Amino acid sequence: MIFLTLIASVLIAAVSIYQFRKEAREYHQDRLERKEIAITEHINYVLQNTSFELTTENLKYIFREKITEIADVHSMEINLFDLKGNLLISSRAIFKLDKDNPQINPSTLKIIQSSLDKRYIEFSEVDGQSIRSSYSYLKDTKFKPMGILNLPYEENTEFYDNEVQNFLIRFGQVYIFMFFISIVLSYFLSSYITKSLKIISDKLQETELYQRNEKIVIEDGSKEINLLINSYNNMVDKLEESATILAQSEREQAWREMAKQVAHEIKNPLTPMRLTVQNFQRKFDSNDPNITKKLDDYTKTILQQIDTMTAVAGAFSNFAAMPAQQNETLNVVKIVKMALEIFNEDYIQFSALEDEIIAKLDRTQLIRVITNLVKNAIQAIPEEQENKSVFVTVFRQDNEVKIAVKDNGKGISVENQEHVFEPKFTTKSSGMGLGLAIIKNIIENYNGTITFETEPNSGTEFLVSFPINK
């Protein structure tokens, strides 16, 4: 904006200077024409009333006494030349001292002779001063040329130069004033626009697919800002629709995958059950003295497979239908310490930087998180390893309570790290791999986080964070 104002100001100044100079040229041209007409009439009057014969040679005698008078009356220098361009008489006294009388330039003389009106204006510069010289024919009563009238006119531009200077000074003062005004206006205008853009920018940064995004409401916004806001609000509506469709699709896909996993886990025990029943049916003999023992073995095998199917169904049920949170004010340090008492391993160690960290959580779900992490830590340590260690720590950081469970087991391989919290992922020979997925769901329901750091063959540390909502 300021740059455009500067360009406009320069153009205005240039046009104004050009106009001043044009007016000066027109003024001097009109003044010279008026002087020329008046002097020509005066000279013609003298010629009409002279007693001398009207010839070229007599011009210097006719105007010997009159030329100075005419020059003084009209405040102009007057020069009379013959038709060949030789000076006859001049109102300037200096010509009397000249050794060689001035002559009209031959090229100028040819232009005068060839022009239709026998008149020519010549421009020249003497000592830095612009001179206009008017050349025109003097004619007798019969309109016969008998001499050339020359009127040198000095263009005095001092008045217009002063006007231009004063104009530039005043224009500069006005421009400086307007420049500061434009800066102030630009500041407030840019602040107004930037404020609206800042609101839109903040909203764009906060926009996420899996959350409800608020629309922007700005009153008295410019047309462009309102168009931008309307586009953002329309995008929010479409994003919400897309998020709903995507969430539904993801849920359906997750349930399909879960159904496949459950079906697979159920089929695993059904196969040995079928083989056991078929084998018993084929070899059944009521007279066999060991029939009681065989029947007992058959029953145990069937019951084991039924227990496996029950465990699968229970794990799936726990994951699919999480119980509602029963929040209560808890001492997290005490609950974590109590949850560790169910484990018999003597290498499990517990420490807390404080005796009491109060938060509102579900007691059962918190215990479930601890037991699951500790159980996984125990299972991550190979049976043959001599120095086993599971270290559980509870501490406060900022406005969060943190629980760290660290083991010195075999760690998690690089290719498995990104799949740790997937519902159906497991590296164990049994189970559905729903444990970490379930506790991750519990933690995120409290707006908490669970992360881990691992090093193969050195151990893994899981870190759980719960916000402290007193």
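**Notebook: a sheet and two residues**

I began with strand β1 (residues 79-81), which three bridges join to strand β5 (residues 145-154), the two running antiparallel. Within this pair I looked up Asn79 and found that its bridge partner in β5 is Asn150. I noted that two strands pair if DSSP finds at least two bridges between them, and that helices (H or I, at least four residues) and strands (E, at least two) are DSSP runs numbered from the N terminus.

I kept in mind that this is a predicted model, where local features need pLDDT of at least 70, side-chain atom pairs count only at pLDDT 80 or more, and totals for chains, interfaces and linings use all residues. Residues are numbered from 1 along each chain as its sequence is written, and side-chain values use heavy atoms, with hydrogens and water left out.

Next I followed the open sheet, in which five strands stand in the order β2-β1-β5-β4-β3 with antiparallel pairing. Because β2 (87-90) and β3 (119-126) are at the edges with a single partner strand each, one side of each has no neighbour in the sheet.

I then turned to Thr393, which I located in strand β9 (residues 390-397). Is Thr393 buried or exposed? I recorded Thr393 as buried, with a relative accessible area of 15%, where buried means under 20%, exposed over 50% and partly exposed in between (1.4 Å probe, protein chains only). Leaving aside neighbours within four places in sequence, Thr393 is in contact (heavy atoms within 4.5 Å) with Ser351, Lys402, Ile403 and Ala404.

Last, I found Ser413 in the loop between β10 (400-407) and α10 (414-417), and Ser413 counts as partly exposed at 23% relative accessibility.
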